[in-house]
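Visitor: Could you take me through this structure? I would like to ask about it piece by piece.
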Amino acid sequence: MVTYEDFIAKVIEEITSHYEGNGIHVEVKLSKVQKVNGISLDGISIMKKDKSTNICPTIYLNGYFSDYERGRTLESIVDTIIEVNEEHQVSESFDIKDFLDFNIVKENVLCKVINTEWNKELLEDVPHVELLDMSIIFVVGLEKMPDGYITIRNEHLKMWDISLDELKEVAMQNIKKEQYHITDMLSVLMGFGKDLDVDGCLLEDFEAANADSMMYVLTNEKKMYGATILARPEFLEKMATIVGGDIFILPSSVHELIALPAWDTSDERIQELRNMIEEVNSTQVSREERLSNNLYLYKRATKELTIA
């Protein structure tokens, strides 16, 4: 029986052999990466020694090992890893001197919303702002790697000589440039809302007259960490205007939210929705992407977001 450690060693060996056999010298590094919600993953980076760039994608092996245990061949897994690595190659280097200067990186400062209880250890090391049972943390987006982020830590604030309030102000100004999309759930379920750039409506342009559906999916343009809409009260107010009253917000994942009218706020209805959230989280959302098991209520009259 092949152990997880044996699997990793074999993958690294096969990847190295593939590149070296094609005359490309590489250095394959294995690292432990701490993710949100207490998850630690094993990632490999494949650095081509003859390339001028100093950055490359990190590819996580944990899921591939699960595939291997279910019968997928090692050859197929290695082929996929190589394909993913080639698709995400970066031609330019990341200049660490740029990261040392906050005036340079500040235009790329963004935020994520994560669960507070599930990330106690992480939050000890990163600047954050609490939002109900969640926390807003801050990241620097890497221009050369569209899906790449560096999590801002307490040591970075000291290095930049800025306060948490200053960091928050910059991040809030930057996410105001982000576009958020709304798609009715029926379109999503029927496959019409998969590409929100095409079929979703920009939230700021969505008219109440279009509100035929009673359930809506909210996310940002990249469909990554779209739950940051919770930090945009003007959009929550807009959503309440669309439905004509208070709204329930279901934390579908760190990437998207579900909103629906809060016409029935009885204990039975609230418990029903809470049960739905917990079931979806436990059966359909990966642990890393879970945001909360709580249900939220936005009150239109007071413009207040609370835990229902």
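Guide: What follows is a walk through a predicted model, topic by topic.

Visitor: What does the protein chain have in the way of helices and strands?

Guide: The protein chain has twelve helices and 14 strands.

Visitor: How much of the chain is buried?

Guide: Of the 308 residues in the protein chain, 44% are buried. The chain exposes about 16300 Å², and 48% of that area is supplied by carbon and sulfur atoms.

Visitor: And the contacts, what share of them join residues at least 24 apart?

Guide: Taking the contacts between residues at least 6 apart in sequence, 61% join residues at least 24 apart.

Visitor: Let us turn to the rings. How many aromatic pairs does a search of the whole structure find?

Guide: The search finds seven aromatic pairs. One of them is formed by Phe7 and Phe65, with 5.2 Å from centre to centre and 55 degrees between the planes, a tilted arrangement.

Visitor: Which parts of the chain does that pair tie together?

Guide: Phe7 belongs to helix α1 (residues 4–21) and Phe65 to helix α2 (residues 62–69), so the pair ties together parts that are 58 residues apart in sequence.

Visitor: Is Phe7 buried or exposed?

Guide: Phe7 is buried, at a relative accessible area of 1%. Phe65 is buried as well, at 10%.

Visitor: What about Phe102 and Trp160?

Guide: Phe102 and Trp160 also form a tilted aromatic pair, with 5.1 Å between centres and 45 degrees between planes. Phe102 sits in helix α5 (residues 102–105) and Trp160 in helix α7 (residues 154–160), so this pair ties together parts 58 residues apart in sequence. Both residues are buried.

Visitor: Which residues do ring pairs link into a cluster?

Guide: The cluster consists of Tyr4, Phe7, Phe65 and Tyr68, linked by ring pairs.

Visitor: Changing topic: where does Lys48 lie?

Guide: Lys48 lies in strand β2, which covers residues 40–48.

Visitor: Why does Lys48 count as buried?

Guide: Its relative accessible area is 9%, and Lys48 counts as buried because the cut-off is under 20%.

Visitor: With what does the side chain of Lys48 make a polar contact?

Guide: The partner is the side chain of Glu86, at 2.9 Å. Leaving aside neighbours within four places in sequence, Lys48 is in contact with Tyr19, Ile24, His25, Val26, Glu86 and Gln89.

Visitor: On to helix α11. Which of its residues are buried?

Guide: Helix α11 spans residues 233–243, and its buried residues include Phe235, Leu236, Met239, Ala240, Ile242 and Val243.

Visitor: Why do they line one face of the helix?

Guide: Viewed down the axis of α11, the buried residues fall within an arc of 155 degrees, so they line one face.

Visitor: What do the buried residues of α11 pack against?

Guide: They pack against strands β8 (180–184), β10 (216–220), β11 (247–250), β12 (257–261), β13 (296–299) and β14 (304–307).

Visitor: How accessible are Glu237 and Lys303?

Guide: Glu237 is partly exposed at 31% relative accessibility, whereas Lys303 is exposed at 52%.

Visitor: Which residues do salt bridges that share partners join into one network?

Guide: Lys10, Glu13 and Glu14 are joined in that way.

Visitor: And what does Arg232 pair with?

Guide: The side chain of Arg232 meets that of Glu234 in a salt bridge at 2.5 Å, N to O. Arg232 is buried, with a relative accessible area of 6%, while Glu234 is partly exposed at 34%.

Visitor: How about Arg72 and Asp67?

Guide: Their side chains form a salt bridge at 3.5 Å, N to O. Arg72 is partly exposed at 26%, and Asp67 is partly exposed at 23%.

Technical notes. Residues numbered from 1 in each chain as written. Predicted model: local features only at pLDDT ≥ 70, side-chain atom pairs only at ≥ 80, totals over all residues. Heavy atoms only, no water. Helix = DSSP H or I, 4+ residues; strand = E, 2+ residues; numbered from the N terminus. Buried < 20%, exposed > 50% of the residue type's maximum accessible area, 1.4 Å probe, protein only. Contact = heavy atoms within 4.5 Å. Areas by Shrake-Rupley, 256 points an atom, 1.4 Å probe, with all protein chains shown as cover. Phe/Tyr/Trp six-rings, centres within 6.5 Å; stacked < 30°, edge-to-face > 60°. Polar contact = N/O pair within 3.5 Å; in protein donor to acceptor, adjacent residues only side chain to side chain. Arc of directions from axis to C-beta. Salt bridge = Lys/Arg side-chain N within 4 Å of Asp/Glu carboxyl O.
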